[in-house]
Amino acid sequence: MLATKAFNADSDLESDSGHPLNLHFRNKKKNGNSLTSGSTGSPINPAPGEPYRSAFRYMRLETDIKRIQQLAQQREEANWAFRCFLKGSDLSIRGIDFTVHDLYREVSREIDCTNCANCCKTVHPVLKPADVRRLAKHLELSVNEFRSRFLADNPEREGSVFRNLPCPFLQDNLCTVYDHRPSDCRSYPHLYKRDFVFRISQAFSNCSVCPIVFNVYEQLKRELWRQRPR
Ligand code: SF4
Ligand code: SF4
């Protein structure tokens, strides 16, 4: 039988960036939807290695996925323009990464993935062979049996994807194979990684899928774009 696990786990640390952030924080709202961090940081030109952080207060977080989808669609042009701005800007890549990691940490604290699970309902994670072997073993199936029951070839890249969405292992917004889930699931929404500037198209496309990405992107626009020197 599958063991039902909480969808989030503070112990799931990602290591490839060296940044101690995890996917899917198990975080409950503490103060409603408004972030009240005392983090003010510096304005547009920080010391080397410091995040680009503004002094003004955080916006109210948007957590309703329907509203997020509407807003992401309405703001698609502006979001694309911000992507182009960031790619062409002379802001330091490291400073941008620190800012994104900072925002990711703070926004993730306020959003409970178990109230959402939208990525598991709408995004196909890519499974590598090691993921397939691990899941098959956990489910006491042969690799071939696992493949024939759950997987399809990934038409876009190497690897496999779950044949159906929502993910067959999602039950009541919880991942039933949490400790054995694919590495792509562990990484999502990928904001802890380095070189955000080179990944910004991925964040742009996840704005309409993931409340964490949507809110990080919105705050990033506020902090790096609308205050830029003109
Ligand atoms: S879509 Fe984003 S907020 Fe929702 S469960 Fe996935 S990672 Fe968490
Ligand atoms: S295995 Fe399925 S339910 Fe679990 S995290 Fe991945 S997509 Fe979500």
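I looked up Pro189 first. Pro189 counts as buried because 23 C-beta neighbours lie inside 10 Å. The cut-offs: buried takes 20 or more other C-beta atoms within 10 Å of a residue's own, exposed 12 or fewer, partly exposed in between, with C-beta atoms placed from the backbone.

I noted that this is a predicted model: local features need pLDDT of at least 70, side-chain atom pairs count only at pLDDT 80 or more, and totals for chains, interfaces and linings use all residues. Residues are numbered from 1 along each chain as its sequence is written, while chains are lettered from A and ligands numbered from 1 in the order in which they are written.

Next, the surroundings. Pro189 sits in the loop between helix 7 (183–187) and helix 8 (196–206). Helices (H or I, at least four residues) and strands (E, at least two) are DSSP runs, numbered from the N terminus. Leaving out residues up to four places away in sequence, Pro189 touches Asn206, Cys210, Ile212 and Val213. Contact here means C-beta atoms, placed from the backbone, within 7 Å. Pro189 and Cys210 are 21 residues apart in sequence, yet 7.5 Å apart in space, C-alpha to C-alpha.

Then I turned to the sheet. In what order do the 3 strands stand? I found an open sheet, 1-3-2, with antiparallel pairing. Pairing needs at least two DSSP bridges between two strands. Strand 2 and strand 3 (residues 160–162) share 3 bridges. Leu151 has Phe162 of strand 3 as its bridge partner.

Last, ligand 2. I listed its shell by class: 9 nonpolar, no polar and 1 charged residues. Nonpolar covers Ala, Val, Leu, Ile, Met, Phe, Trp, Tyr, Cys and Pro; charged covers Asp, Glu, Lys and Arg; the others, Gly among them, are polar.

Terms used:
Two residues are in contact if their C-beta atoms, placed from the backbone, lie within 7 Å.
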